Amino acid sequence: MSKTALITGVTGQDGTYLARRLLALGYRVYGMVRRASLPNTARIDSLLARAQTGEIPFTLLSGDMTDSGGLHRILEIAEPDEVYNLAAQSHVRVSFDTPEYTADVDGLGPLRILDAIRTLGLTEKTRFYQASTSELFGKVCQTPQSETTPFHPRSPYASAKLFAYWTVINYREAYGMFASNGILFNHESPLRGETFITRKITRAAAQIKLGLIEKVAVGNLDAYRDWGHAADYVEGMRLILNAEKADDFVLATGETHSVRELTETAFRLAGFDLVWKGTGSDEKGIDRVGGKVLVEIDPTFFRPTEVDLLCGDATKARERLGWEPKHSFRDIVEEMFQADLAALS
Ligand code: NAP
Ligand code: G4F
């Protein structure tokens, strides 16, 4: 018998990769979408076209993480074996401007779903995955970070996700629900939103190469992240929900790279050899050959509190789930740059 999954956030980067993967495995997939004044389904349009011809069992349901009644209705319709809760206001910088909204969507949203599962009597049937995050580690007290590393959130986003993390554990302990957290480190792809740093940089490198813009403005060049590929990480989500028992898992590559290194790597692919001149907000990335300024600092991209260094230890996922990332940092940047170049050309 094929399984049924409900994916919230199906129009996002991870939702799209996960829907593709589950459909390829024969799942029936429901995806929750929120109303927008313009279509917000660009990433999943090819899946929707295949669903229309009856080729794949993929159905969209309207809903919003802030609307308990709607979430209840969706769960009643889908009666899923697995819920992947990926919907979130997922931008850390934006969460400083919209803290209450972020808490509502990212913190209370998962609680609303868990409680709907419970009150609908789906506790035995439905497994719940929560998109937790390495942002929980925040001001890190040890490196690498694992499931036992203490949390220190550094943004409204991370605080909201911390509430959700513990809510998942509480529903597991209080009601015996199969509810698990995936503590995922940054993961990227050509489908990454254009305002996250990887995509912003690969897109800018392609735009500058094609002569569409002259330079790009960024914030903190000296933050370090553990960047993996979204395709590897959605497979980890599936393994987490299909484990023998509910538990919490870190998914990470174990490698860390700075924003500066990311920028140099992407610009090298575009044919530019960056040299850095100046300090602080006056620092600039200059093309060694042409002498043009290609990268500059705009302090509006700084965060009131920054997460300086993330580097994950995914030993538990490797040993208990057999999960391992397949893509390297260099390959991810290259795939993203080439996709941006092709799309813009
Ligand atoms: P994303 O591309 O920003 O996608 C977020 C999804 O959530 C979109 O489908 C968005 O819909 C939906 N959404 C936002 N607010 C909503 C609301 N109020 N009601 C219903 N849907 C809403 O994020 P992602 O990178 O795929 O990440 C997926 C999840 O993993 C998020 O929860 C994120 O916080 C978490 N996470 C991500 C990473 C990472 O590195 N990517 C790492 C750790 C954890 P629209 O398309 O309409 O905007
Ligand atoms: O790409 P970012 O915006 O991702 P961030 O803040 O690490 O959050 C992402 O990963 C989390 C997992 O750890 C997820 F939970 C979250 O949903 C999201 O997917 O920023 C990465 C780093 C930061 O240190 C930031 O300060 O890049 C630095 N940065 C420097 N200049 C910039 C910029 N970030 C953005 N977005 N834009 C800049 O111009």
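Start by selecting ligand 2 and the side chain of R225: an N or O atom of that side chain is 2.8 Å from an oxygen atom of ligand 2. That is a polar contact, meaning a pair of N or O atoms within 3.5 Å; within protein, one must be able to donate a hydrogen and the other to accept it, and residues adjacent in sequence count only if both atoms are side-chain atoms. The protein covers 96% of the 710 Å² of accessible area that ligand 2 has on its own. Such areas come from the Shrake-Rupley method with a 1.4 Å probe, and for residues only the protein chains shown count as cover.

Before going on, a word about what is on screen: this is a predicted model, where local features need pLDDT of at least 70, side-chain atom pairs count only at pLDDT 80 or more, and totals for chains, interfaces and linings use all residues. Residues are numbered from 1 along each chain as its sequence is written, chains are lettered from A and ligands numbered from 1 in the order in which they are written, and side-chain values use heavy atoms, with hydrogens and water left out.

**Still at ligand 2**

Now show the backbone as well. A backbone N or O atom of S90 sits 2.7 Å from an oxygen atom of ligand 2, and a polar backbone atom of G219 is 2.8 Å from a nitrogen atom of the ligand. Which residues come nearest to ligand 2? Pick T133, S134, Y157, R303 and E306, out of 24 residues around it. To be counted as near, a residue needs a heavy atom within 4 Å. Colour this shell by class and you get 10 nonpolar, 8 polar and 6 charged residues. Here Ala, Val, Leu, Ile, Met, Phe, Trp, Tyr, Cys and Pro count as nonpolar, Asp, Glu, Lys and Arg as charged, and the others, Gly among them, as polar.

**Over to ligand 1**

A polar backbone atom of D14 is 2.8 Å from an oxygen atom of ligand 1. From the side chains, K161 brings a polar atom to 2.8 Å from a ligand oxygen, while R192 has one 3.2 Å from a ligand nitrogen. Taken alone, ligand 1 exposes 900 Å², and the protein buries 90% of that.

Helices (H or I, at least four residues) and strands (E, at least two) are DSSP runs, numbered from the N terminus.

α8 (230-241) and α1 (13-24) each supply at least two lining residues, and α8 has the largest share, 5 residues. The lining divides into 5 nonpolar, 2 polar and 6 charged residues.

Strands β13 (residues 274-277) and β14 (residues 284-287) run antiparallel and are joined by 4 bridges; two strands pair if DSSP finds at least two bridges between them. L274 stands opposite D287, and K277 has K284 as its bridge partner. This hairpin has 6 residues between its strands, and G278 in the turn has a positive phi of about 90°.

Follow β14 onwards to β15 (residues 293-297), an antiparallel pairing over 3 bridges. K284 turns up again here, with E296 as its bridge partner in β15. There are 5 residues between these two strands, and G291 in the turn has a positive phi of about 75°.

Most residues other than glycine have a negative phi, and most peptide bonds are trans. With that in mind, select E79, in the loop between α3 (68-78) and β4 (82-85). E79 has a positive phi of about 40° although it is not a glycine. Finish at P144, in the loop between β5 and α6: the peptide bond from T143 to P144 is cis, with omega near 0°.
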